[in-house]
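This report concerns side-chain packing and local backbone features in one protein model. Please consult the sequence and the structure shown here alongside the text.

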Amino acid sequence: MSSAWLLPEHVADVLPAQARRIEEMRRRLLDLAYRYGCELVMPPLVEHLESLLSGAGRGQELRTFKLVDQLSGRTLGLRADTTPQVARIDAHLLNRQGVTRLCYCGPVVHTRPSGPLASREPLQFGVEVYGHAGLEADLEVLELALDALSVLSVPEPFLDLGDARCLDALLDHAAASPAQRGAVLQALAVREPAHLARASEGLPELVRHGLRTLLDLEGGAEVLSNARSTLPALPGIAAALHDLAWLHEQLLRSHPALRIGIDLAAVAGNAYYTGVCFSVYGAAQHQPLLRGGRYDEVGAAFGRRRPAAGFSLDLKALAEAMPGERQRPAVRAPWGDDAGLREAIRRLRDAGETVVCILPGHEDEGEEYACDRELIRDAAAQRWILRALPSN
């Protein structure tokens, strides 16, 4: 018999040490986004289902929890992704003509986990840049994504670049049906040639050859020149290769030590992206720490087809993947009604120090805080002073 207080599978409480770490990461990321000119928005966790699953949100239907609104009788959904909501805000509530930079950070809920160890309640942080169709916006989003991992002290990030237009150009040339597009996407996702051969049956040989070639176009900058000589000369492919080459050059100018890979068969979220797409990995990690790219169709369902680019990450997953940081040192203080003691504690806290008062009867507690100093009374000077605690 299960205990009443057990949580559902892939849903967990976040305990103090990890919660503190996640909150510190959230603050750093929001401060960074503000420095780029982003404005914070807070979409609701629950929304009418047809709004959540409009446009780019259609791919989230199987991941979305559904419930009935007791006030209206309409079906509601718990958001599984925040980007469609931010697109709605840009299209209808802000309705600006120029560039709009928005950021957000909040929970999303999934009916199924994305992996064996994944949470069904990620804490999603993201940035969206609306209103500029040029590569300058793509570069700004990439720079912000790399700076985000830098402020979180992620060591040796690896950037994997791709472009949805390569695959789209091939499938558009063949006028592939939605069902066959889905089958090809699945085959490319598992990178299985035999599966891809079956999924692409009936398509023109030019397109089938291009799809097979995509599987081999993974590596460094040489992939771009190889792609020009091996892929069909379709307009969408030529534009994608040009844009990837420009971004690769610009990124290496500002990040000379950055490791950059090119993968033209990367299809994660392909139905979502309309241009450059990317993932960033940490050292020796197989799951991406963040994903992003260009998705110009995201606002079309809300009546405004605006250029858009952005990225998102799961703060919970990122905190789990990162090595633990040393806890910030704190000050241990006695409890007392002495006015001088209370004033000393207040000054330390105003200066940004963490001061842990040990309540009467709990003098042996407080080890969960990284106290490296204690507040004691200097009898000779008649004042409260800090004294270093012996290190363990």
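The model is predicted, so local features require pLDDT of at least 70 and side-chain atom pairs pLDDT 80 or more, whereas totals for chains, interfaces and linings use all residues. Residues are numbered from 1 along each chain as its sequence is written, and side-chain values use heavy atoms, with hydrogens and water left out.

**Nonpolar cores**

A nonpolar core is here a set of buried Ala, Val, Leu, Ile, Met, Phe, Trp, Tyr and Cys residues joined through side-chain atoms within 4.5 Å. Buried denotes under 20% relative accessible area, exposed over 50%, and partly exposed the range in between (1.4 Å probe, protein chains only). The largest core comprises 73 residues, and Leu 161, Leu 214, Leu 264, Phe 278 and Phe 311 have the most contacts inside it. Helix 4 (residues 135-151) supplies the largest share of this core, 10 residues. Helices (H or I, at least four residues) and strands (E, at least two) are DSSP runs numbered from the N terminus. Because domain 1 (8-153 + 290-325) and domain 2 (158-281) both give residues to this core, it lies between them. The domain bounds come from an automatic or database domain assignment. Apart from this core there is another, of 16 residues, including Ala 91, Ala 164, Val 298 and Ala 308.

Beyond residues up to four places away in sequence, Leu 264 touches Cys 166, Leu 214, Leu 217, Val 223, Ala 227, Leu 231, Leu 241 and Leu 244.

**Aromatic pairs**

The structure holds two aromatic pairs. Rings of Phe, Tyr and Trp (its six-membered ring) pair if their centres lie within 6.5 Å; planes under 30 degrees apart count as stacked, over 60 as edge-to-face and the rest as tilted.

| Pair | Centre distance | Plane angle | Class |
|---|---|---|---|
| Phe 125 and Phe 311 | 6.3 Å | 55° | tilted |
| Tyr 273 and Tyr 295 | 5.8 Å | 40° | tilted |

Phe 125 in strand 6 (residues 123-130) and Phe 311 in strand 12 (residues 308-314) are 186 residues apart, and their pair links distant parts of the chain. Both Phe 125 and Phe 311 are buried. Tyr 273 is buried at 10% relative accessible area, as is Tyr 295 at 2%.

**Cysteines**

A search of the whole structure finds zero disulfides, a disulfide being a pair of cysteine sulfur atoms within 2.5 Å. The sulfur of Cys 166 lies 9.0 Å from the closest cysteine sulfur, that of Cys 277, and is therefore too far for a bond. Cys 166 is buried, with 0% relative accessible area, and Cys 277 is likewise buried at 9%.

**A buried aspartate**

Asp 263 is located in strand 9 and is buried, with a relative accessible area of 4%. Its side chain reaches the backbone nitrogen of Ala 265 at 3.1 Å. Not counting residues up to four places away in sequence, Asp 263 touches Asp 160, Leu 161, Gly 162, Arg 191, Leu 217 and Glu 218.

**Positive phi angles**

Asn 95, although not a glycine, has a positive phi of about 55°. Asn 95 occupies the loop between helix 3 (83-94) and strand 5 (100-107) and is partly exposed at 43% relative accessible area. Glu 156, also not a glycine, has a positive phi of about 50°. Glu 156 is placed in the loop between helix 4 and strand 7 (158-163) and is exposed, with a relative accessible area of 55%.

Methods: Contact = heavy atoms within 4.5 Å. Polar contact = N/O pair within 3.5 Å; in protein donor to acceptor, adjacent residues only side chain to side chain.
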